[in-house]
Amino acid sequence: MASMQGAGHWRASVVDHRRAEGLPPYERARPAGEPLARRGDLAVHGSPGAITLRDADGRTRWTHACAGRPDAAHLSGDRVLVATSSLE
């Protein structure tokens with residue numbers, strides 16, 4: 001619960017906290033082989049430590065190393081934005 005305390009100061013209290021292994025409850029596990037993002041005949045795939053762009057024929061166009069496990073990708077123009085589970 002959060003409340004505003006005069007002059008823009010906020011105070012928050014932890015109401016409930018649980019810790020568990022695995023994906024957050026709001027994230028569904030991605031089926032094996034399912035790409036992180038897709039545009040036309042190109043698909044961005046992720047595995048721990050790497051991002052790969054493949055075409056419809058399954059040919060790898062490029063691979064880039066990354067820290068952690070890729071969680072999501074977004075294609076924008078000729079760029080790929082990737083979110084990972086790493087703090088790096």
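**View 1. An open sheet of 4 strands has the order 3-4-5-6, with antiparallel pairing.** The edge strands are strand 3 (37-39) and strand 6 (60-65), each of which pairs on one side only. On average, neighbouring strands of this sheet are turned by 15 degrees against each other, direction ignored; the axes behind such angles are lines fitted to C-alpha atoms, and angles run from 0 to 180 degrees between N-to-C directions. Strands are DSSP runs (E, at least two residues), numbered from the N terminus, and two strands pair if DSSP finds at least two bridges between them. The model is predicted: local features need pLDDT of at least 70, side-chain atom pairs count only at pLDDT 80 or more, and totals for chains, interfaces and linings use all residues. Residues are numbered from 1 along each chain as its sequence is written, and side-chain values use heavy atoms, without hydrogens and water.

**View 2. Strand 4 and strand 5 pair in the antiparallel sense.** Strand 4 covers residues 42-47 and strand 5 covers residues 50-54, with 5 bridges between them. Gly46 stands opposite Ile51 in strand 5. Strands of a sheet pair through backbone hydrogen bonds, either parallel or antiparallel.

**View 3. The chain has 8 strands and 0 helices.** Helices would be DSSP runs of H or I with at least four residues. From the N terminus on, the elements run β-β-β-β-β-β-β-β.

**View 4. Of the 88 residues of the chain, 16% count as buried.** Buried means under 20% relative accessible area (1.4 Å probe, protein chains only).

Definitions and conventions. Buried means under 20% relative accessible area, exposed over 50%, partly exposed in between (1.4 Å probe, protein chains only).
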